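Biologist: I would like to learn how to read a protein model feature by feature. Could you take me through one?

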Amino acid sequence: MEESRESSQKRWTHLKKVLERPGPFSHPEFEPSPDILDFILSSCKVLIIGAGGLGCELLKDLAMMGFKHIHIVDMDTIDVSNLNRQFLFREKDVGVAKAQVAADYVNKRVAGCQVTPHKCAIEELDSEFYRQFHVIVCGLDSIVARRWINGMVVSLLNYDENGVLDQSSVVPLVDGGTEGFKGNARVILPGITACIECTLDLYPPQLTYPLCTIANTPRLPEHCVEYVKVVQWPNENPFGTSLDGDDVTHLTWVYEKSLERANQFNIKGVTFRLTQGVVKNIIPAVASTNAFIAGVCAAEVFKLATNCCMPLNNFMVYNNIDGIYTYSYEAERKENCTVCSNIPHSVEVADSSKMKLKDLIATLCESEKFQMKNPGLTTVIDGKNKTLYIPTIKVIEERTRVNLTKTLDELELKHGQEIVVADVTTPTSVIIKLVYKVNDVEMSS
């Protein structure tokens with residue numbers, strides 16, 4: 001049912017007080033106008049990524065704040081375990097797409113709101129889809145997904161012939177995250193402020209490992225468990241179903257197979273408890289933390305869309321373990337960031353006659369600079385394209401696996417060689433340059 005003009009005007013009285021007059025916290029460039037509210041109600045498009053604990057709160061907050069055109073992306077379906085904190089869902093919704101149920105619920109409850117759901121992975125949507133939004137806000141539980149969407153918004157930037165950024169190509173990214181009673185919110189202006197990749201050291205280590213390591217050169221007990229989880233279970237399908245981390249029978253099978261693999265490579269430390277931890281990889285969620293962080297993120301979206309107040313600059317931390325504690329600070333851009341800087345990225349090689357391709361891949365995965373997950377590498381030699389290793393396509397992986405044990409010299413990779421690297425952490429390829437060293441001195445070209 002459409003709202004009457006009178007009730008609509010009354011409904012947004014609180015926003016008019018902020019948008020139609022200046023205040024002590026106004027942005028220096030803010031110009032009060034009734035047109036701003038019209039923009040929020042009729043034109044502004046916001047994308048929410050994730051329809052989980054944070055995503056449900058974000059959708060509710062933004063819809064109640066007046067944003068009418070909202071898209072929400074989530075690839076998951078509703079599970080019973082979601083119901084304690086993802087309040088837009090009910091028991092009857094179990095098994096249905098999160099994005100669809102969340103959109104339907106808000107569309108029915110908030111007059112005039114038009115939420116468009118997308119049940120898919122963020123990687124399935126192209127750059128033109130993301131370019132249409134005024135602000136993107138994330139409620140993700142994956143660092144890999146954060147890095148991917150960060151790479152996407154940076155790839156949307158346009159620069160003129162003098163290298164000056166076109167401000168109209170900037171799509172602000174607001175990111176929220178929670179872990180138990182702790183949380184954070186941040187505002188990223190691509191090409192202007194620090195991006196996700198600039199501050200990877202802020203995130204805890206992830207219990208994921210490159211496929212080439214777990215399949216060919218496992219070194220840790222976790223590698224053995226991960227191999228059974230991602231390779232053996234899908235191939236052998238022991239119980240005719242997907243792996244359930246809460247099923248003791250499933251965990252026992254994974255534990256026993258992991259122990260066998262560990263013994264094969266003389267690796268110690270595989271226990272049932274370790275197996276359970278690697279398989280489940282659970283981060284606890286608290287509804288009140290989600291609500292608080294979502295509220296902060298929604299406020300930042302509103303500030304960015306209206307320019308009424310200065311946005312967060314640019315990282316806020318929240319801790320509710322011993323009382324309520326919060327502070328904010330400015331994370332600085334990295335000059336050599338692999339995503340938002342415009343400089344070539346190099347990998348130093350001490351001895352190309354001894355360094356193998358698998359060692360180069362391990363460097364890309366383990367170094368603080370790159371922190372890749374499962375990279376594929378191609379290059380050009382004597383004017384011809386050469387595939388060095390592609391882990392994500394089975395046929396090509398089997399054909400190029402032999403290259404993993406070859407040295408860089410055997411692969412005819414020279415000093416200054418440019419290698420194109422594709423990884424799940426970024427929507428665009430990264431070009432790295434091999435820099436050979438002799439007695440810690442860079443070789444001349």
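Predicted model: local features only at pLDDT ≥ 70, side-chain atom pairs only at ≥ 80, totals over all residues.

Biologist: Is helix 7 mostly covered or mostly open?

Modeller: Burial is read from relative accessible area: buried means under 20%, exposed over 50%, and partly exposed in between (1.4 Å probe, protein chains only). Helix 7 is mostly covered, with eleven of its 13 residues buried. Among them are Arg146, Arg147, Trp148 and Asn150.

Biologist: Which elements do the buried residues of helix 7 pack against?

Modeller: Here we use contact, which is heavy atoms within 4.5 Å. The partners are strand 1 (45-49), helix 6 (127-131), strand 4 (135-138), strand 5 (173-179) and strand 6 (182-188). For helix 5, the buried residues are Lys98, Ala99, Val101, Ala102, Ala103 and Val106, and what covers them includes helix 4 (53-64), strand 2 (69-73) and strand 3 (114-118).

Biologist: What happens at the start of helix 7?

Modeller: Look for a polar contact: a pair of N or O atoms within 3.5 Å, where, within protein, one must be able to donate a hydrogen and the other to accept it, and residues adjacent in sequence count only if both atoms are side-chain atoms. In this case a side-chain oxygen of Ser142 comes to within 3.3 Å of the backbone nitrogen of Val144.

Biologist: Now a helix pair. At what angle do helix 9 and helix 10 cross?

Modeller: Axes are lines fitted to C-alpha atoms, for helices over the stretch in contact, and angles run from 0 to 180 degrees between N-to-C directions. The axes of helix 9 (residues 221-236) and helix 10 (residues 248-264) cross at roughly 115 degrees and come within 9 Å. Residues that meet there include Cys224, Val225 and Val228 from helix 9, and Val254, Ser258 and Ala262 from helix 10. By type, the contact residues divide into eight nonpolar, three polar and three charged. In that count Ala, Val, Leu, Ile, Met, Phe, Trp, Tyr, Cys and Pro are nonpolar, Asp, Glu, Lys and Arg charged, and the others, Gly among them, polar.

Biologist: Is Ser258 buried or exposed?

Modeller: Ser258 counts as buried because its relative accessible area is 0%. The Ser258 side chain reaches the backbone oxygen of Val254 at 2.6 Å. Leaving aside neighbours within four places in sequence, Ser258 is in contact with Cys224, Val225, Val228 and Val270.

Biologist: And what does Ala262 touch beyond its neighbours within four places in sequence?

Modeller: Ala262 is in contact with Cys224, Ile267 and Val270. At 1% relative accessibility, Ala262 is buried as well. The C-alpha atoms of Ala262 and Val225 are 37 residues apart along the chain and separated by 8.7 Å.

Biologist: Last, the backbone. Which residues other than glycine have a positive phi?

Modeller: Most residues other than glycine have a negative phi, and most peptide bonds are trans. Two cases to inspect are Asn307, with phi near 65 degrees, and Asp382, with phi of about 55 degrees. Asn307 sits in the loop between helix 12 and strand 7 and is partly exposed at 28%. Asp382 lies in the loop between strand 10 (376-381) and strand 11 (384-389), and is exposed at 74%.

Biologist: Where is a cis peptide bond?

Modeller: Go to the bond from Asn313 to Asn314, which is cis with omega near -15 degrees. Asn314 is in the loop between helix 12 (287-306) and strand 7 (315-319).

Definitions and conventions: Residues numbered from 1 in each chain as written. Heavy atoms only, no water. Helix = DSSP H or I, 4+ residues; strand = E, 2+ residues; numbered from the N terminus.
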